[in-house]
Amino acid sequence: MKRIIEALLFVAVLALGWRYPYLAFCLLLNVAVGLVGTLRYGGRHGCGNFCPRGAFYSLLPDTGRKVPAGLLARKASIVVMVVMFAGLALWLHPSSLRAWGMLLYIMIAITTTVGLIGWLVFNRYFWCSVCPMGKIYKTMWPLKSGIRVADTCVKCGLCAKACPFSFFPPDEAKGDLFRNPDCIHCHRCIERCPRHALSMATSIELQ
Ligand code: SF4
Ligand code: SF4
């Protein structure tokens, strides 16, 4: 339900932001809320739990194709975004809050279009794989959590099928703990496991 509400918020901003650019700031507010969870869990927690665009993409039909691994390096992705934002700012000369809202809106519209093309060519999680915001999260907040794999796992592989990035926690875990800085803590693997073998562990529980 939370994902549907976030996706609807995103679509509303996309549809009305051109006329009401202040709406673009709603998405920044959502990112700020995401940071609260990220401080507890670290890594890309905000991507999987508070990103309205990620929620929107997750509702698109699955193409059955995979996003190629290592499509864009972390630094390249951030540089592309900064250059794009700076280029647009120089071009638009935003001089008011409304103009900054419009700048933000244009950025959101362009990158969402790129994500939609990525969905058609590859997979609905294309943008989640290359998103500079996710890479900033991952760079700035060290991972403080992991997914614990219980010995009830029978390696059926359903969790990997549910994962946006095809991670397979039982195979990739060290000991009983799967920790990957690209994991967005979306819980899809946990929810999909028929044996209830997966659970999230925070830094407190890991001690
Ligand atoms: S879905 Fe559950 S039982 Fe199947 S491989 Fe994943 S963790 Fe193991
Ligand atoms: S491993 Fe699980 S929590 Fe992490 S991204 Fe994949 S499905 Fe989501």
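Pairing here needs at least two bridges by DSSP, and the strands (E, at least two residues) and helices (H or I, at least four) are DSSP runs, numbered from the N terminus. Before I go on: this is a predicted model, so local features need pLDDT of at least 70 and side-chain atom pairs count only at pLDDT 80 or more, while totals for chains, interfaces and linings use all residues. Residues are numbered from 1 along each chain as its sequence is written, with chains lettered from A and ligands numbered from 1 in the order in which they are written.

Back to the sheet. It's open, three strands, order β2-β1-β3, with antiparallel pairing. β2 (177-178) and β3 (198-201) stand at the edges with a single partner strand each, so one side of each has no neighbour in the sheet.

Now the domains. The assignment, automatic or from a database, gives domain 1 (2-137) and domain 2 (146-206). Their C-alpha centres lie 25 Å apart. The contact takes twelve residues from domain 1 and ten from domain 2; contact means C-beta atoms, placed from the backbone, within 7 Å. On the domain 1 side, α2 (24-41), α3 (45-50) and α7 (126-130) give two or more residues, and α3 has the largest share, with four.

What about the packing? The largest nonpolar core has 27 residues, and Cys47, Phe126 and Trp127 are among those with the most contacts inside it. By core I mean buried Ala, Val, Leu, Ile, Met, Phe, Trp, Tyr and Cys joined through C-beta atoms within 7 Å, where buried is 20 or more other C-beta atoms within 10 Å of a residue's own, again placed from the backbone. Cys47 touches Cys128, Cys131 and Ile184, among others, not counting residues up to four places away in sequence.

Last, the ligands. Around ligand 1 there are 14 residues, with Cys153, Cys156, Leu158, Cys159 and Cys193 nearest. Ligand 2 also has 14 around it, and there the nearest are Cys163, Cys183, Cys186, Arg188 and Cys189. Near means a C-beta atom, placed from the backbone, within 6 Å.

Methods
Contact = placed C-beta atoms within 7 Å. Buried ≥ 20, exposed ≤ 12 C-beta atoms within 10 Å, placed from the backbone.
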